[in-house]
Amino acid sequence: MEIPSKYSASSVESKWYDYWMKNNYFHSKPDEREPYTIVIPPPNVTGVLHMGHMLNNTIQDVLIRRARLLGKNACWVPGTDHASIATEAKVVAKLKAQGINKNDLTREEFLKHAWEWTEEYGGVILEQLKKLGCSCDWDRTKFTMDDDMSEAVIKVFVDLYNKGMIYRGYRMVNWDPEAKTTLSDEEVEYIEKQGKLYYINYKIEGSNEVLTIATTRPETLLGDTAICVNPNDERHTNLKGKRAIVPVNNRVIPIIEDEYVDLEFGTGCLKVTPAHDENDKVLGETHNLDVIDIFNEDATLNSYGLHYEGKDRFVVRKEIVKELEALGVIVKIEDYTNRVGISERTKAIIEPRLSDQWFLKMKDLAQPAIEAVLETEDVKLYPKRFNNTYRHWMENIRDWNISRQLRWGQQIPAYYYGDGKEDFVVAENIQHAVELAKVKTSNQDLTADNLRQDADALDTWFSSWLWPISVFDGIRNPENEEINYYYPTNDLVTGPDILFFWVARMIVAGYEYKGKRPFENVYLTGLVRDKQRRKMSKQLGNSPDALKLIGDYGADGVRVGLLLSSAAGNDLMFDEELCNQGKSFANKIWNAFRLVKGWEVADIEQPESSRLALDWYKARFQKAIADMEDNYSKYRLSDVLMTSYKLIYDDFCGWLLEMVKPAYGQPIDLKTFNAIIEVFEDNLKVLHPFMPFLTEEIWQFMAERTPEEALIISRYPKIKAFDSEIIEDFELVKEAVSGIRTIRKEKNITFKDAIELSVINKENLDASYNSVIAKMGNISNLKIVDKPVEGALTFRVKSNEYFIPMAGTINVEDEIKKLTEELNYTQGFLKSVQKKLSNERFVNNAPDQVVASEKKKEADALAKIETIEKSLESLN
């Protein structure tokens with residue numbers, strides 16, 4: 001096959017991905033091998049590929065491809081999450097554009113639209129992951145709303161309810177007025193928001209007295225049912241036992257006393273609105289106050305809002321302040337910075353709301369998950385610093401609000417047979433519910449028509465917390481072959497933002513339903529940021545189009561670019577230039593391959609220089625893969641990549657190929673050529689997890705390969721003992737070669753012209769290495785001498801001195817002039833450094849590292865002066 005002159009990523013990528021798919025390399029089924037399993041963090045079914053996905057899935061693909069090369073049965077389960085709130089919002093918007101109101105549809109009609117939307121738009125991201133080279137077992141693709149997955153979720157709900165862990169409660173919840181659903185505490189983000197603090201006078205009933213309250217939410221006064229003062233507050237002893245009149249609606253409310261009121265905040269008089277504040281609700285229960293909810297589900301005011309009925313809460317805030325000002329009851333208005341909760345999904349400001357919801361008791365369930373991470377380390381977090389975050393969340397865990405006022409999701413399996421709040425049964429299906437209801441009511445005439453299923457859906461996370469178990473059908477069939485083989489999984493790669501939402505809950509579910517951890521290691525990636533450290537987002541317009549990057553730089557180039565900028569667990573400062581560096585790296589390797597395949601091979605004797613060069617590279621390779629293994633174990637994938645990058649770019653392309661390259665027009669010996677192909681193939685194996693397309697392309701060009709011999713399923717190089725001495729010796733060889741090249745460059749001595757070289761070998765460098773130095777420096781005669789050579793340019797490598805005769809190679813007078821100028825400059829520099837070091841104040845007061853730096857400058861300058869003086873001496 002003719003090797004193309006340039007590497008074409010786009011044609012290569014589609015060719016090899018199709019080949020891998022056709023030969024079923026990604027598919028896994030239980031066998032005698034050791035399993036290696038990853039479950040994908042299921043992206044939202046509404047999602048499209050962004051930079052966070054690119055990083056996360058590149059890391060997973062590196063791990064899974066490496067496991068495959070290590071001979072493990074690698075299984076990477078892909079899938080998507082139904083994303084209740086996000087998907088329902090998309091469907092509602094689509095229906096609205098068609099003039100259809102969600103509330104005019106039955107549940108079944110709405111779900112039909114939701115499934116149509118999902119089938120049309122959902123799962124796009126999984127197809128995009130293929131462009132990145134992700135080697136998922138696509139035959140195993142799961143969706144959290146698949147029938148079997150939903151069945152598992154319902155089974156778990158019923159089980160937990162029967163264990164007394166799920167209950168229905170009337171609680172103050174976080175209400176998202178845009179999505180019109182409750183949210184768990186973890187789905188609320190907090191932001192600092194500039195607002196106002198309003199001081200408002202309330203009249204005291206039957207007198208001309210007033211009291212003043214301070215509030216950030218004047219619109220809620222329409223729901224006030226008391227004023228509260230601290231019984232120890234001497235300012236308000238006159239208010240005890242009296243009643244106040246709420247402005248605008250003129251409701252008469254009691255003045256109560258409770259030590260909850262902060263004596264230092266505001267005026268010491270607290271308006272109490274039990275329906276719209278968690279703490280006010282507690283006060284209301286303590287003092288048996290009325291509860292008046294003034295909001296509709298979309299945060300417009302209801303009939304308790306009087307003439308503001310139907311208006312949005314923030315519109316009412318402005319208008320009611322004007323009315324209060326007109327009434328003359330606004331005392332003052334101050335600027336005030338408030339901490340406000342917003343919905344993680346819709347970004348709407350959360351409204352505290354009293355509501356009947358379903359809750360899961362978490363305290364006892366959380367205990368095994370706390371022990372697994374923080375005590376036994378059965379589950380390890382990388383980086384370990386996230387243990388502190390995990391501890392804080394888990395040790396302060398609250399009951400999980402698992403119900404959502406949505407239609408898209410698993411419907412809560414509670415069936416009501418009467419109008420009372422407790423008139424329900426919980427069952428996996430309607431048939432079983434009827435049987436339970438008959439027993440509970442002692443009414444054998446009940447039928448399915450007499451039952452009404454709870455309209456709420458379950459929180460999306462209540463399905464995804466089962467993900468590592470349910471993808472292997474471990475809930476419905478707890479002892480099936482696959483769950484017993486693949487579970488627990490090995491590694492989980494995800495973002496720290498869902499450490500509690502998802503990771504912690506999966507650990508909880510793992511111990512509750514399998515009695516063991518769901519995974520061994522959790523690698524928490526950083527956030528992808530731009531060069532200015534800003535988080536990438538659509539709003540800022542600083543997030544590049546992921547697919548366009550792949551089009552511009554190739555998938556391999558983008559993968560390398562992402563990982564070069566991503567130190568383990570830290571935020572990634574993404575710079576597109578790193579993708580270009582990845583693309584250049586691919587081209588470098590391609591050109592190296594074309595160079596090797598372009599050599600004529602002959603059955604001739606192997607040069608000593610080539611034998612030594614290969615011995616060195618094999619040792620260097622073994623040291624590199626030992627370092628890589630260590631970094632793999634610590635999930636420092638960027639360090640693994642950098643090690644392989646330097647190995648291949650510098651050592652293989654920059655040194656080894658140059659050391660064995662035959663002279664122009666001459667053939668290479670067969671022994672060296674075969675060894676080069678062998679080490680090239682080993683290079684491809686270690687690089688394959690990072691650059692799968694390029695490496696497979698070169699691998700297949702190297703020789704005729706059957707599908708059983710594809711790189712993707714080849715064997716990773718074994719770690720062997722290596723000679724560290726040859727690596728150290730070669731550093732001296734490389735420095736000597738670099739010294740020769742520097743002199744050639746500075747003195748304009750063309751490389752075509754062979755030159756002589758003499759060396760005082762104080763380092764006792766083995767004479768066999770001279771063949772390499774001679775080859776790489778184009779040395780016609782290399783001599784070992786015991787004293788300096790007259791009339792020569794010189795350089796040092798440690799204590800070794802090298803001499804290149806000047807006769808016939810340079811203009812001596814010009815060289816003396818140039819060296820003299822350099823000597824004068826260096827002597828002047830040395831004086832300035834020594835002046836600084838002779839200053840006692842500087843030495844005593846400067847940081848140690850600054851003083852050490854100056855001493856190093858002094859030593860370097862002295863060594864340079866000695867070398868220049870010797871060169872001048874030899875020229876005179």
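Me: Before anything else, what counts as a nonpolar core here?
Reply: A nonpolar core is a set of buried Ala, Val, Leu, Ile, Met, Phe, Trp, Tyr and Cys residues joined through side-chain atoms within 4.5 Å. Keep in mind that the model is predicted.

Me: OK, how many residues has the largest one?
Reply: The largest nonpolar core has 206 residues. W358, L360, Y390, M394, F462, W465 and L656 have the most contacts inside it.

Me: Which element gives the largest share?
Reply: Helix 19 does, with 13 residues of this core.

Me: And what is L360 in contact with, leaving aside neighbours within four places in sequence?
Reply: L160, M165, I166, L365, D399, W400, I402, F462 and W465.

Me: What about another core, apart from that one?
Reply: There is one of 28 residues, which includes I213, I255, C269 and Y308.

Me: Back to helix 19. At what angle does it pack with helix 23?
Reply: Helix 19, residues 637-660, and helix 23, residues 770-777, pack at about 95 degrees, and their axes are 9 Å apart. An angle of 65 to 115 degrees counts as roughly perpendicular, so that is how helix 19 and helix 23 are described.

Me: Which residues make the contact?
Reply: From helix 19, W655, E658, M659 and V660; from helix 23, V772, K775 and M776. By type, the contact has 5 nonpolar residues, 2 charged and no polar.

Me: Switching to strand 9. Which residues point which way?
Reply: In strand 9 (residues 226-229), A226 and C228 point one way, while I227 and V229 point the other. All of them are buried. In a regular strand, side chains alternate between the two faces of the sheet.

Me: Does strand 9 pair with strand 12 in the parallel or antiparallel sense?
Reply: Antiparallel, over 4 bridges. The bridge partner of A226 in strand 12 is V272.

Me: And with strand 11, parallel or antiparallel?
Reply: Parallel, over 3 bridges. There C228 has I256 as its bridge partner.

Me: What about Y487 to P488, cis or trans?
Reply: Cis, omega near 0 degrees. P488 is in the loop between helix 14 and strand 22.

Me: What is phi for E377 and N764?
Reply: E377 has a positive phi of about 55 degrees, and phi of N764 is near 55 degrees. Most residues other than glycine have a negative phi.

Me: Is E377 buried or partly exposed, and N764 buried or exposed?
Reply: E377 is partly exposed, at 31% relative accessible area, and N764 is exposed, at 66%.

Technical notes: Residues are numbered from 1 along each chain as its sequence is written. This is a predicted model: local features need pLDDT of at least 70, side-chain atom pairs count only at pLDDT 80 or more; totals for chains, interfaces and linings use all residues. Side-chain values use heavy atoms; hydrogens and water are left out. Axes are lines fitted to C-alpha atoms, for helices over the stretch in contact, and angles run from 0 to 180 degrees between N-to-C directions. Helices (H or I, at least four residues) and strands (E, at least two) are DSSP runs, numbered from the N terminus. Angles under 35 degrees count as roughly parallel, over 145 as roughly antiparallel, 65 to 115 as roughly perpendicular and the rest as oblique. Contact means heavy atoms within 4.5 Å. Ala, Val, Leu, Ile, Met, Phe, Trp, Tyr, Cys and Pro count as nonpolar, Asp, Glu, Lys and Arg as charged, and the others, Gly among them, as polar. Buried means under 20% relative accessible area, exposed over 50%, partly exposed in between (1.4 Å probe, protein chains only). Two strands pair if DSSP finds at least two bridges between them.
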